[in-house]
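Trainee: I would like to learn how to read helix packing and contacts in a model. Please show me the structure, then take me through the terms.

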Amino acid sequence: MSQKHEARSAGGDRLDLQADCGSCFGLCCVALPFAASADFAVDKPAGKPCTNLQADFSCGIHARLRDKGFSGCTVFDCFGAGQKVSQVTFGGTDWRSAPGTARQMFDVFPVMRQLHELLWYLAEALELPAARPVHKDLRRALDETDRLTRGSADALAEVDVAAVRQDVNALLLRTSELVRATVPGRKKNHRGADLIGARLRGADLRGANLRGAYLIAADLKGADLRTADLIGVDFRDANLSGADLTGSIFLTQAQLNAAKGDASAKLPEALSRPAHWR
Ligand code: SF4
């Protein structure tokens, strides 16, 4: 969370969808609830500041989050929603100096995060040459979603995020089909599959449909995941050491951060190697 994100090399529209914690009022550290678990050392209700949040909205244990039992914070990615709510929706006025706005700011943040996540996927789809037949529709959806993110706090609170997500998902599905069709031969379909702890070392998953699959703690060492659709895959504690993820689509930094890996894994250009993989 606060301050933890390094710059990534996303192209074009995706540059604006990276967390800039220095321009944010620590929203993930306040607005979101934590449940004491392997990921968070303590319970914290939504709306209550994390005890590690400093007066300047930085994180007091940023460099030691994993050692201190807050690995969940290192996995979270707001896709730039935090600074948008802080600087655009609320014009740079923070919740400490204007406590009357705090509740609305915290309510709007999860809405903005979901919209920004959709913007990330749409921007990625627009970078994919194989998806050219749907680029016009993708551009229209991106512009409309972007317009929603620039509305007032009241307008944002009224956004039907589920409906927006459904419309965007239809386009992302079509994009996925077009992109994976470039891979010759039969492609595996593990959409939504329970692959928890699966032994997939060295597996050929090129062009596979893994949308929403549960790959928690799966062994994917050396697996070929090129051009696979990885949207919503749960990679918590999956081992991606030596795996090839180049050209995979709809993979996010949060998914990578939740997985294990090493220096030899190959990643999509827009994502960076998590610090704990080095
Ligand atoms: S909400 Fe986003 S920008 Fe703000 S502190 Fe959290 S990760 Fe950083």
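Mentor: Start with contact: two residues are in contact if their C-beta atoms, placed from the backbone, lie within 7 Å. Gly 232 is a case: leaving aside neighbours within four places in sequence, Gly 232 is in contact with Arg 211 and Gly 212. Bear in mind that this is a predicted model, where local features need pLDDT of at least 70, side-chain atom pairs count only at pLDDT 80 or more, and totals for chains, interfaces and linings use all residues. Residues are numbered from 1 along each chain as its sequence is written.

Trainee: Where does Gly 232 lie?

Mentor: Helices (H or I, at least four residues) and strands (E, at least two) are DSSP runs, numbered from the N terminus. Gly 232 lies in the loop between H7 and helix H8 (253–258).

Trainee: What span should helix H7 have?

Mentor: The expected span is 1.5 Å times one less than the number of residues. H7 (residues 161–180) has 20 residues and should span 28 Å; its end C-alpha atoms are 27 Å apart, which agrees. H5 has 15 residues and reaches 21 Å from first C-alpha to last, close to the 21 Å expected.

Trainee: Which residues of H7 are buried?

Mentor: They are Val 168, Leu 171, Leu 172, Thr 175, Ser 176 and Val 179. Seen down the axis, these buried residues fall within an arc of 150°, so they line one face of H7. The arc is that of the directions from the helix axis to the C-beta atoms. Ala 162, Ala 163 and Gln 166 are exposed on the face of H7 turned away from the buried side. Helices H4 (102–126) and H5 (135–149) are among what covers the buried residues.

Trainee: And which residues of H5 are buried?

Mentor: Leu 138, Ala 141, Leu 142, Thr 145 and Thr 149. They cover an arc of only 100° around the axis, which puts them on the same side of H5. Lys 136, Arg 140, Asp 143 and Arg 147 are exposed on the other side. The buried residues of H5 pack against helix H3 (81–89), H4 and H7.

Trainee: How do I describe a packed pair?

Mentor: Two packed helices are described by the angle between their axes and the distance between the axes. Axes are lines fitted to C-alpha atoms, for helices over the stretch in contact, and angles run from 0 to 180 degrees between N-to-C directions. Angles under 35 degrees count as roughly parallel, over 145 as roughly antiparallel, 65 to 115 as roughly perpendicular and the rest as oblique.

Trainee: At what angle do H5 and H7 cross?

Mentor: Roughly 155°, and their axes come within 10 Å. That makes H5 roughly antiparallel to H7. In this pair, Asp 137, Leu 138, Ala 141 and Thr 145 of H5 meet Val 164, Asp 167, Val 168 and Leu 171 of H7.

Trainee: And at what angle do H3 and H4 pack?

Mentor: About 125°, with axes 8 Å apart. That makes H3 oblique to H4.

Key: Buried ≥ 20, exposed ≤ 12 C-beta atoms within 10 Å, placed from the backbone.
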